[in-house]
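I opened my notebook for a friendly look through this structure. Here is what I looked up, entry by entry.

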Amino acid sequence: MLLKDQLDFVKQHIVKNKMRVFMTILAATIGCAFLIVLASVGFGLQQTVKNEILSDEAVTRIQLYDDSLTKERAASLKDEDNVKAVVQKTHLPMALKSELDDREAHSEGKFYDMTAFQKVNGKLAQGSYPKAADEIVVGYHYAQRLMNEADQEAYNEKVEAANKKQENYMGEDEGFKGNIVGQTVTLTVENDEEQQVVKPFKVVGILQAPSYEWMIDNQVIFSDKAINFFAGLQPDPFPSEYIIHMDSMENVKPLLTKLKKEGLGVYSVIEQMDQINVFFAVFKAGLLFVGTIAVLIASIGIFNTMTMAVTERTREIGVLKAIGASPKLIQRLFLMESAFIGIVGTVIAVIISYVISVTVNFALPIVLEMATGEDIGEREMIFSAIPWQLVVIASAISIGVAMISGWRPARKATKIDVIQALRQEV
Amino acid sequence: MIEVQNIAHTFLIGKKGAEQPIHVLKAISFTIKPKEIVAIVGKSGSGKSTLLQVMAGFMKADTGSVKINGKETTGLNEAEHAAFRLTNFGFVFQNFQLMPGLTAAENIELPLKLQGIPASERKSRVEALMQRIGLAEVAAHYPNELSGGQQQRVSIGRALITNPPIILADEPTGSLDSETEQEILQLIADLNKAFGITFVIITHDDEVASFAHRRLKMHDGQLKEEA
Ligand SMILES: Nc1ncnc2c1ncn2[C@@H]1O[C@H](COP(=O)(O)OP(=O)(O)OP(=O)(O)O)[C@@H](O)[C@H]1O
Ligand SMILES: [Mg+2]
């Protein structure tokens, strides 16, 4: 029998039992859509968490903090495969006070080899990188944090008021309003043993704004040549670490593993990602399992429909076999019918799921916002995501289940005894 | 054309554990030559239909062999039997066995579909045949819109459409009045002459029996030539 004739045959029977087939498709659709939407929550949340981590530039970095690291090894790090740059970062392990006229601010201080730092940090918001030892670049919010007493009072009041309204106040209104680049600030470093260094530094550049809106960056970045100014301050030397910048995220893992094997203390956020991925794999599998139960329930409908179809066509099947239809053909015709139910149900389910998914992602933040009063719209939460993998898995499950539940009735059709079938009343 | 040798079959009837054997066919042997019209007669329950079902491969006899057109069909499996039937046999039943959802033309077309013949060729063959057996007018009618005689013509059409060498008919005129029966017999005679088709007709109607070239009588599980 030609494929077209087989399809015609199947179509004819479906049209003849429109209502029954429709209801069965409806059940299959609901089951499959339930499966997809449920699992999409797992995919969505995973993506949200992943985005959160990936938006942090730290994903392409390896932090290496180890006293056992030799100078030679440190120098050879940059020759490892896929390493873009190795930056030695030395922390100023004590409070750093900046003063400009009547204004002052407290920040963290860090020392970098400026050539390497410039390479990984890229463009500044303003100004240039330090060339001389007494030049510094400062964080984006540094000027804003340089406050006099009046500023401090106004700031405290505004923060308090904002807290009452459950809002956040970052201090945009206060601080040094002129151009900080070009200014000379007096920096004071003091340790617990009351050792003190006071020295003027010239601000030559401002870093880009931090990637998160809620972050305040008022750090002070020194050239590593400036370390000498603080010589003699305990602890000596200052703690330092190496930050290895890789060219891409995929290349982080291999080097991380290699350095670990060498017995070095290394860390990368990528490692968290592995754990998160494992967690979500289990989570998604659980959701898929629950969703599959819905598909299985729908499959009972398909089984019933197909059994009924075979039973009421017993005589016709008998005639077909008598005039020479092979059992294989008869089985195929019925399998095609259950496959049709499964495929149409799945296709509709996929479309519906996408609509639900988009709607949920659009509407849920608004609903949550109204319910809790918290502003989460800015955080770009994804509640439901349907990647193609999910579509493939869900389609395979529901079409597979449809075929399996149609298989027994189809087998039954092939087993029909010609003589018995022909005896049935017309 | 048809060689049947030593076909024997026993049915077990009754409740499980207390079955009773009925020896319906006891070592039946006969030969039917090409282009013959043979009637198989006998009392009701004598085993005529059973014999035909064995010949067609609808069931397996306990012992014996059936050779059709020189091909041994006894050992064929279900699928092979089906394929064999599709090209070698046409069937006509007492209660027509038409597909209620298909028109007269579509019913006749069905075996050609099973053979995988393309639609255009099917159409012309069906039209030609329907013309030939006087059904052109009712091509678009469904079985329940046809008279008994017309339905039987359609079923003969369906048996003929694949040009099989043999047509097996079980009481083809059993549900028709005598006038219609004559029409059908006339059609059978025509087709036998025109296409040289071999007919094996089961009947207990004397009219039909005397119309055949040869009669074989079923009695007590045996088949005997009747004068
Ligand atoms: N499937 C079966 N199981 C048990 N016994 C059967 C079966 N089929 C037929 N028989 C028995 O075999 C015998 C022969 O039946 P068959 O139908 O061949 O007779 P027949 O000659 O065609 O009769 P009729 O002229 O009434 O059609 C009968 O006694 C019947 O009861
Ligand atoms: Mg009979």
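I count a contact when heavy atoms come within 4.5 Å of each other. With that in hand, I looked up A:Thr90 and, leaving aside residues up to four places away in sequence, found that it touches A:Gly109, A:Lys110, A:Phe111, A:Ile227, A:Phe238, A:Pro239 and A:Ser240.

Ground rules for myself: this is a predicted model, where local features need pLDDT of at least 70 and side-chain atom pairs count only at pLDDT 80 or more, while totals for chains, interfaces and linings use all residues. Residues are numbered from 1 along each chain as its sequence is written, chains are lettered from A and ligands numbered from 1 in the order in which they are written, and side-chain values use heavy atoms, with hydrogens and water left out.

**Entry: more on A:Thr90**

I placed A:Thr90 in strand S2 of chain A, residues 83–100. Helices (H or I, at least four residues) and strands (E, at least two) are DSSP runs, numbered from the N terminus. Is A:Thr90 buried or exposed? It counts as buried, at 8% relative accessibility. My cut-offs are under 20% relative accessible area for buried, over 50% for exposed and partly exposed in between, with a 1.4 Å probe and protein chains only.

**Entry: loops of chain A**

I found A:Asp192 in the loop between strand S6 (184–190) and strand S7 (196–206). A:Asp192 has a relative accessible area of 77%, so I noted it as exposed. Its C-alpha atom is separated by 8.5 Å from that of A:Met94, 98 residues apart along the chain.

A:Gln166 sits in the loop between helix H6 (149–164) and S6, and is exposed at 69% relative accessible area.

**Entry: chain A as a whole**

I listed 12 helices and 10 strands in chain A. How does its radius of gyration compare with that of a compact globule of 426 residues? The globule would be near 22 Å, but chain A has 34 Å. The radius is taken over C-alpha atoms, and the globule rule is 2.2 Å times the number of residues to the power 0.38. The C-alpha trace spans about 110 × 55 × 35 Å along its principal axes. Buried residues make up 47% of chain A. Of contacts between residues at least 6 apart in sequence, 80% join residues at least 24 apart.

**Entry: chain B**

I turned to the UniProt record, an unreviewed entry, which annotates residues 2–227 of chain B as "domain: ABC transporter". UniProt positions are given in the numbering used here, feature names are shortened, and annotations may be inferred rather than shown by experiment. Over that range I read 36% helix and 29% strand, with the end C-alpha atoms 20 Å apart. Chain B comes to 7 helices and 10 strands.

For 227 residues a compact globule would have a radius of gyration near 17 Å, and the 18 Å of chain B agrees. Its C-alpha atoms fill a box of roughly 50 × 40 × 35 Å along the principal axes. I noted 53% of its residues as buried, and in chain B 72% of contacts between residues at least 6 apart join residues at least 24 apart.

Last, I checked B:Asn163, which has a positive phi of about 55 degrees although it is not a glycine. B:Asn163 lies in the loop between helix H5 (148–160) and strand S7 (166–170) of chain B, and is exposed at 57% relative accessible area.
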